[in-house]
Amino acid sequence: MRTFECPVSDRESFIQKLIVREGLPVPDVYGQPDLMFTLAKVVKAEAREVFVFLPFDHVTEVAALGGRIHAGDELSGPRGKAGIYSSFGDLLQAEVPTKLGIKRMDNIVELCERCTREGLPVFIEGSGPVNVLSGLMEWRNFVRCARKDTRGLLRAVSCISDFLVEYYTNLSHAGVAVIGIDDSVGDADFLGEHRLKLYARHILKPFLKSLGQALGERTLIHLCPKGTVALIDAGCARLVPVGIDTTQQTYEQVVRDCVGRVACMGQYCYKDMKRIVSAGDVCAVSWDDVE
């Protein structure tokens with residue numbers, strides 16, 4: 001199966017420099033709505049972007065499910081620490097989401113509502129269920145348990161997927177234009193060809209179908225291209241031209257034009273939004289008529 005090479009990006013260091021330049025307090029800037037709103041506007045203006053890309057806390061979902069995180073500082077944003085669960089059973093028996101995690105998610109929903117009122121289209125940098133699960137367990141334990149306990153894996157993924165669908169639906173109701181789903185650990189280099197097909201058919205596609213049904217036409221799903229490649233190579237999805245004129249437009253502008261018209265896209269990484277694309281290059285990811 002094919003793999004997608006992720007583009008190199010210095011976006012995080014760019015944001016950190018802006019945090020320091022603006023004198024925004026850390027780690028508060030990663031969690032408080034007013035500070036996040038100030039930073040979001042600065043980043044959008046400096047990067048000349050169509051969207052406001054949120055949140056700056058990229059482990060929100062992991063933290064809500066009990067994961068250990070570093071709160072972030074002037075050098076880097078919030079990030080995961082060592083995995084907290086040693087088995088899928090541990091996760092399924094835990095009391096999640098945590099109260100602190102719910103508060104942080106509520107703050108992000110509040111932030112998105114404010115951006116919507118201000119006319120700022122929001123692109124959420126979200127995660128898929130396997131990415132979240134890999135942040136809750138040490139990778140060695142995750143692989144070992146996945147090999148021994150397929151039923152437990154699917155139950156844990158289902159639990160995480162339900163949580164993500166509920167959270168992202170709340171963000172959609174807050175006016176979010178696009179929700180990005182990064183499940184980049186779902187890659188042939190990590191899983192191997194056989195397991196990647198099983199992942200695409202039994203984990204990623206069911207999650208995306210459930211999320212798509214919940215979001216309806218309000219919010220576009222932007223899938224990590226690694227997931228797109230996995231779905232297509234496993235025969236779970238296909239690319240369908242969206243049929244819009246994209247002459248001399250950036251991919252970011254095209255995605256904005258597709259909000260409300262397309263359910264899911266994912267040919268290019270959101271870190272490569274400034275690439276110029278043509279009409280023939282732009283497709284939706286469709287699984288509705290694929291078994």
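Tutor: Pro-27 has its place in the loop between α1 and α2 (33–47). Here helices (H or I, at least four residues) and strands (E, at least two) are DSSP runs, numbered from the N terminus. The model is predicted: local features need pLDDT of at least 70, side-chain atom pairs count only at pLDDT 80 or more, and totals for chains, interfaces and linings use all residues. Residues are numbered from 1 along each chain as its sequence is written, and side-chain values use heavy atoms, with hydrogens and water left out.

The peptide bond that leads from Val-26 into Pro-27 is cis, its omega being near 5°. A cis peptide bond also joins Leu-54 to Pro-55, with omega near -10°; Pro-55 sits in the loop between β1 (52–54) and α3. Arg-48 belongs to the loop between α2 and β1. Its phi is near 55°, a positive value in a residue other than glycine. With a relative accessible area of 74%, Arg-48 is exposed; exposed means over 50%, buried under 20%, and partly exposed in between (1.4 Å probe, protein chains only).

A pocket is found on a 1 Å grid over the protein atoms alone, as an open set of points with protein on both sides within 12 Å along at least five of seven lines; a cavity is instead a set where a 1.4 Å probe fits but cannot get out, and lining residues have an atom within 4 Å of a point. The largest pocket has a volume of about 970 Å³, where volume is the space filled by probe spheres set on grid points joined across faces, edges and corners. Its lining holds 40 residues, with His-58, Glu-125, Asp-182, Tyr-270 and Lys-271 nearest the centre. Among the elements that give two or more residues to this lining are α1 (11–22), α3 (60–64) and β4 (122–127). The lining divides into 19 nonpolar, 13 polar and 8 charged residues; Ala, Val, Leu, Ile, Met, Phe, Trp, Tyr, Cys and Pro count as nonpolar, Asp, Glu, Lys and Arg as charged, and the others, Gly among them, as polar.

Another part to consider is helix α10 (residues 193–215), which contains Tyr-199. Tyr-199 has 3% relative accessibility and so counts as buried. The axes of α10 and helix α11 (residues 225–233) come within 9 Å and cross at roughly 110°, axes being lines fitted to C-alpha atoms, for helices over the stretch in contact, with angles from 0 to 180 degrees between N-to-C directions. The two helices are therefore roughly perpendicular; this covers 65 to 115 degrees, while under 35 is roughly parallel, over 145 roughly antiparallel and the rest oblique.

Helix α8 (residues 150–173) has an axis that comes within 10 Å of that of α10, crossing at roughly 25°, so α8 and α10 are roughly parallel. Val-165 is placed in α8, and its relative accessible area of 11% makes it buried.
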